[in-house]
Amino acid sequence: MALIHCLEEAKLFGPMWKMIQEMVKSPCVVGPADLSEIVRVLGRAKMVNKALSIFYHIKTRKCKPTASTYNSMILMLMQEGHHEKVHELYNEMCGEGTNCFPDTVTYSALISTFAKLDRNESAIRLFDEMKENGLYPTAKIYTTLLGVFFKIDNVEKALGLVQEMKEKGCAPTVYTYTEMIRGLGSAGRVEEAYSIFLNMINDGCKPDVVLMNNVINILGRRGRLADAVKLFENMESFDCTPNVVTYNTIIKSMFESKSPVSEIVLLYEKMKNNGVNPSSFTYSILIDGFCKKNSLEKALLMLEEMDEKGFPPCPAAYCSLINSLCRAKRYDAAHELFQELKENCGSSSARVYAVMIKHLGKCGRLTEAVDLFDEMKRLGCPPDVYAYNALMSGMVRAGLTDEARSMLRLMEENGCAPDLNSYNIILNGLARAGGPHPAMEMFEKMKGDWKMKPDAVSYNTVLGCLSRAGMFEEAAKLMKEMRSSGLEYDRITYSSILEAVGKVDEDCKLASSSSS
């Protein structure tokens, strides 16, 4: 084995493999410990298939594997992502007899594998089986199960597991606390998550940067920017150095909390001064945030800096910029960026196409919008629901409601599932062009489809249509129905009615003046 290790250290994997083959073919005894080490060596060299071949060859001819040997195989397969093979090996292991029972290492590997494969019930069953066999779960196993229960939205079971862990004398680790805080944050139980963080600190468990990033993230998402920033500023006191994820999280929270652009720029400069290099995601957050703040020039400067740093074009960043340029009616600049993205990437994403199609439709350039839609298909970029909706919206805007309805049918035929917005676009077209009856017909059809239940936009569209037609009694009934469906009246609901009432008053005055 010493020579094999020397060849491994020298990264001479070809000669190493030949040496292993010679060792296996020779009359010398290969024991379970040697077999385990051979498996680990081949695993480190990424020679998974060769490891499997050697394992089965030695197993059938030279030695009976132990639990430790199987564990070496299972851990190697896990590390290299061969998760499906893990369960097969476990079944073989269980069939080996009394000398090869699965141990804590085996169960830890299997439970982790099933969790990664989203086979949650299997992971839970193995956890219970392990305890029935008299084995004590480790903190790592408890943490993995914790993640499984949060994933299946069983928060109480997850919290009960932590309590069981403590009762069994198994102290939660920083990874356990991270899983708990992340899970509670995702479940919207931010106060509990933050309280657990504070208790963890009081109990003397030292946080790491991953845990801190999770706490900052859930506070920022809940709009508690001041708490998130305070925690960020105190990270050094916990011996935690903020990394690029920390800065990205704070910057994103600042944009969402409508912080001044000047403060965000200062934090970005601090990030670079502290030696933390921005990532592609950093630039994407900044570009999208500046676009939403109407700081287009800053967004364009960020795109330029991103390019200078050698990052590949980010479709999400281009999408935000193109959208903002179009809103500012800078269509030529938007088209230039769109072409730049296509030239650099060979094509563009469906979402960027959708943005261009939407704005071309809005400014009356429907022919160009249709050409872009056809180009998508020609270049092998299947239109998604956003692209279909963008084109249908342009068609409705141009008074081509029948063509938009045909597009909806084509969308379904091509396997792209429409969303509620798709139906609302057509509903709007019918309400404006076809009068109340076609609109009501489609509206009733939507009510009968559990996947496409009308929302406030749907109700407001039909209310406006009924009101414009002077059908106020029907509109009043629909308003009651809207409220009983749990939808609130908004500014559009009232303005639709008031606009129609004003028009009726105006018509009455005109009729009165003409008769006199």
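User: How many salt bridges does the count come to in this structure?

Analyst: The model is a predicted one, and its salt bridges are pairs in which a side-chain nitrogen of Lys or Arg lies within 4 Å of a carboxyl oxygen of Asp or Glu. One of these pairs is K131 with E164, and another is E156 with R189. By this rule the count comes to 18 salt bridges.

User: How many residues apart in sequence are the parts that the pair of K131 and E164 ties together?

Analyst: K131 and E164 form a salt bridge whose closest N and O atoms are 3.1 Å apart. K131 lies in helix α8, residues 120-132, while E164 lies in helix α10, residues 155-167, so the pair ties together parts of the chain whose separation in sequence is 33 residues.

User: Is K131 buried, partly exposed or exposed?

Analyst: A residue is called buried under 20% relative accessible area and exposed over 50%, with partly exposed in between. K131 has a relative accessible area of 30%, and therefore it counts as partly exposed.

User: Where does R189 lie, given that it forms a salt bridge with E156?

Analyst: The closest N and O atoms of E156 and R189 are 2.8 Å apart. This pair links distant parts of the chain, 33 residues apart, with E156 in helix α10 and R189 in the loop between α11 (174-186) and α12 (190-202).

User: What is the separation of K447 and E444 in terms of the helical turn?

Analyst: K447 forms a salt bridge with E444, and their closest N and O atoms are 3.1 Å apart. Both residues belong to helix α26, residues 436-448, and because they are three residues apart there, their separation is about one helical turn.

User: Which helix supplies the largest share of the negative patch?

Analyst: E304, D307, E308, D332, E336, E340 and E343 gather on the surface in a patch of negative charge. Helices α18 (296-308) and α20 (331-345) each supply at least two residues of this patch. The largest share, four residues, comes from α20.

User: Is E340 buried, partly exposed or exposed?

Analyst: E340 is one of the residues of the negative patch, and it lies in helix α20. Its relative accessibility is 31%, which means that E340 counts as partly exposed.

User: Which residues form the positive surface patch?

Analyst: Among its members is R327, which lies in helix α19, residues 315-327, and counts as partly exposed at 45% relative accessibility.

User: What is the phi of K329, which is not a glycine?

Analyst: K329 is found in the loop between α19 and α20. Although K329 is not a glycine, its phi is positive, at about 65 degrees.

User: Where is K46 placed, and is it buried or exposed?

Analyst: K46 is not a glycine, and yet it has a positive phi of about 65 degrees. Its place is in the loop between α3 (32-44) and α4 (48-61). With a relative accessibility of 57%, K46 counts as exposed.

User: Which residues does T249 touch, not counting those up to four places away in sequence?

Analyst: T249 has its place in helix α15, residues 244-256, and at 11% relative accessibility it counts as buried. Not counting residues up to four places away in sequence, T249 touches N213, I216 and N217.

User: With which residues is T143 in contact, leaving aside its neighbours within four places in sequence?

Analyst: T143 is placed in helix α9, residues 139-151, and it counts as buried because its relative accessibility is 10%. Leaving aside neighbours within four places in sequence, T143 is in contact with T173, Y175, T176 and E179.

Conventions: Residues are numbered from 1 along each chain as its sequence is written. This is a predicted model: local features need pLDDT of at least 70, side-chain atom pairs count only at pLDDT 80 or more; totals for chains, interfaces and linings use all residues. Side-chain values use heavy atoms; hydrogens and water are left out. Patches are made of residues with over 30% relative accessible area and no salt bridge: like charges are joined within 9 Å, nonpolar side chains (Val, Leu, Ile, Met, Phe, Trp, Tyr) within 5 Å. Accessible areas come from the Shrake-Rupley method with a 1.4 Å probe; for residues, only the protein chains shown count as cover. Lys and Arg count as positive and Asp and Glu as negative; His and the chain ends are not counted. The place of a charge is taken as NZ of Lys, CZ of Arg, CG of Asp or CD of Glu. Buried means under 20% relative accessible area, exposed over 50%, partly exposed in between (1.4 Å probe, protein chains only). Contact means heavy atoms within 4.5 Å.
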